[in-house]
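Please work through the exercises below with the sequence and the structure at hand. Each task is followed by a solution in steps.

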2 protein chains.
Amino acid sequence: MNLLEQLQHSLLELSKSERKVAQVILADPQSAIHQSIASLAEQADVSEPTVNRFCRTMGAKGYPDFKLLLAQSLVKGTPYVNRHVEQNDTLADYTAKIFESTMAALNVTRNHVDNEGLQQAIDALNQAQKIAFFGLGASASVAHDAHNKFLRFETPVQFSDDVLMQRMAAINAKAGDVLIFISHTGRTKALCEVAALAKASDATVIGLTAADSPLARESNIVLSTQVPEDTDVYMPMASRIAQLVIIDVLVTGFTLDKGPAFRDKLRRIKASLRDSRYQKTIKDKE
Amino acid sequence: MNLLEQLQHSLLELSKSERKVAQVILADPQSAIHQSIASLAEQADVSEPTVNRFCRTMGAKGYPDFKLLLAQSLVKGTPYVNRHVEQNDTLADYTAKIFESTMAALNVTRNHVDNEGLQQAIDALNQAQKIAFFGLGASASVAHDAHNKFLRFETPVQFSDDVLMQRMAAINAKAGDVLIFISHTGRTKALCEVAALAKASDATVIGLTAADSPLARESNIVLSTQVPEDTDVYMPMASRIAQLVIIDVLVTGFTLDKGPAFRDKLRRIKASLRDSRYQKTIKDKE
DNA sequence: GTCCATTTTGTAATTAAATTACATTTTATT
DNA sequence: AATAAAATGTAATTTAATTACAAAATGGAC
């Protein structure tokens, strides 16, 4: 847990003087890390050893050590650990928790990405005759997003959130086609069955899913997202965000491999959309 | 710049003894922050004042201050600057850049969320007779995702990425209905027109879009994502991730306002999906 | 090479900071 | 109200960091 949260949390359990110290630190943590034990003691109106004892209570070896811990927890934008929303949270509370959990999930995923798998996936996509993205339920929108992204390229791309359509596509797939199956758990029976059909058709099956899951076992290439499962009913799935970012990586790799000439083409596509938009006016800038 | 990078970078410019200090720190920064100036001096085989001078060279006020800076730069996963992908990036390079840019976008959004607007939106959703999510192009998948999320509740919910369908729905909307329009730029003509129709029908129009955009002006409530526009062709839009997280916040607020009884209902919905999945076996755990 | 100026480094003294040991006060309990 | 336990503070001690200054080392200029 973050030291500041820990401080906040243990306010009630501390003795009167130690609480004073905690409050002074919480009021302005940034300045606390540049103060000496003497000045902090004075500010909190307690003695120096009290501050020292307080530091030990909080799990530090002493005052300097405590300052180090505090400094680390103050690094701006540190994605905190996964935090659960609770019934009595205010709007500001759960907003912060959701954003931070999502950032934490991305951070974890980044630290665990399988570069080799990604490279294989990008290579496969680049050589693909046809690309398809399949997902069901919550993962359908991820597949949908992926489909949108790949529409900008020449390779035919398909998306479906309908099991029957997916089955047909899987059966008709050929070697050289790449089918990407998206599932958080990797345990959705219907999707696993489609993946098995696709594999039998000699297409390349990429699973954007949990490692060691049934779907992963049907896949030629597995891209796993490593996000801790959400047992929390309130907390929306951060894993799909991680999946979306993985797809961003795939698109980017795909584009880069096409070389600089391709870049101009993308520019033209972007430009062609201009007419469908209202242009920015000076008034808007205000 | 990160202090460690700065250290690495200034290795050549340092004097012989100071370089020794830098090398010792770089070799094991984690342990350096727990050492005294004396032990560090001994390890680097230099005198204590040399270490002190080194700290000042690196921009710190003294040794303890340097340790604080070092500790902060060692915090794992300090991302958060928008970084652009370049043609010659390796897979690892652009993967890191994409993840970090996305986290940066979330961080910015978190720091700028309009709590009041969110609260209004949640209140409106809770009192809604009907909820609809509309988006076009890349924003369609965001609307799709939102639709999936809200399907778990009793309030009728609709999604469309088709302009004609959207128009019909907008014209038929009534006071008490909430229509959420999603657009990164807020300048897509077709969507703005639909929003105008919806507004004319007395429905509550929520714009999940850029502030001060045409769409924002058609909206009763604006939830803006504040993500710097991506001028980069390679970089996929981080803004839609921010939008997704905003939707997570809306869902969470919506759920919390329903109270604890509702929570159990969600549990039952979750449980009802179990049969569609392969259950975890001991073998999987390995 | 050698002289001098400059920079770098180290030694020892000084100052500042943190910690410890112990005394005093406060608090809770009977 | 008496006593034990806990909390806090005072003063002494120890440890750490810094400063002042002296000694090497380095680099030109001749």
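Predicted model: local features only at pLDDT ≥ 70, side-chain atom pairs only at ≥ 80, totals over all residues.

**Exercise 1.** State how many cavities of 30 Å³ or more a search of the whole structure finds, and describe the lining of the largest cavity.

*Solution.* The search finds three such cavities. The largest cavity has a volume of about 50 Å³. Its lining consists of Val113(B), Asp114(B), Leu118(B), Leu223(B), Ser224(B) and Ile246(B). Sorted by class, these residues comprise four nonpolar, one polar and one charged.

**Exercise 2.** Determine which helices each supply at least two residues of the lining of the second largest cavity.

*Solution.* The volume of this second largest cavity is about 40 Å³. The lining includes Ser141(A), Val142(A), Arg240(A) and Leu244(A), and also Ser141(B) and Val142(B). At least two lining residues each come from helix H9 (138-150) and helix H13 (239-258) of chain A and from helix H9 (138-150) of chain B. By class, the lining has four nonpolar, two polar and three charged residues.

**Exercise 3.** Explain why the buried residues of H10(B) are on the same side of the helix, and identify what they pack against.

*Solution.* Helix H10 of chain B spans residues 163-172, and Gln166(B), Ala169(B) and Ala170(B) are buried in it. They lie on the same side of H10(B) because they cover an arc of only 100 degrees around the axis. In general, an α-helix has 3.6 residues a turn, so residues three or four places apart point the same way. On the other side of H10(B), Leu164(B), Ile171(B) and Asn172(B) are exposed. The buried residues pack against strands E1 (130-135), E2 (157-160) and E3 (177-183) and helix H11 (189-200) of chain B.

How values were computed: Residues numbered from 1 in each chain as written. Chains lettered and ligands numbered in written order. Heavy atoms only, no water. 1 Å grid on protein atoms, 1.4 Å probe; cavity = no way out; pocket = protein on both sides within 12 Å on 5 of 7 lines; lining within 4 Å. Points joined across faces, edges and corners; volume = space filled by probe spheres on them. Nonpolar A, V, L, I, M, F, W, Y, C, P; charged D, E, K, R; others polar. Helix = DSSP H or I, 4+ residues; strand = E, 2+ residues; numbered from the N terminus. Buried < 20%, exposed > 50% of the residue type's maximum accessible area, 1.4 Å probe, protein only. Arc of directions from axis to C-beta. Contact = heavy atoms within 4.5 Å.
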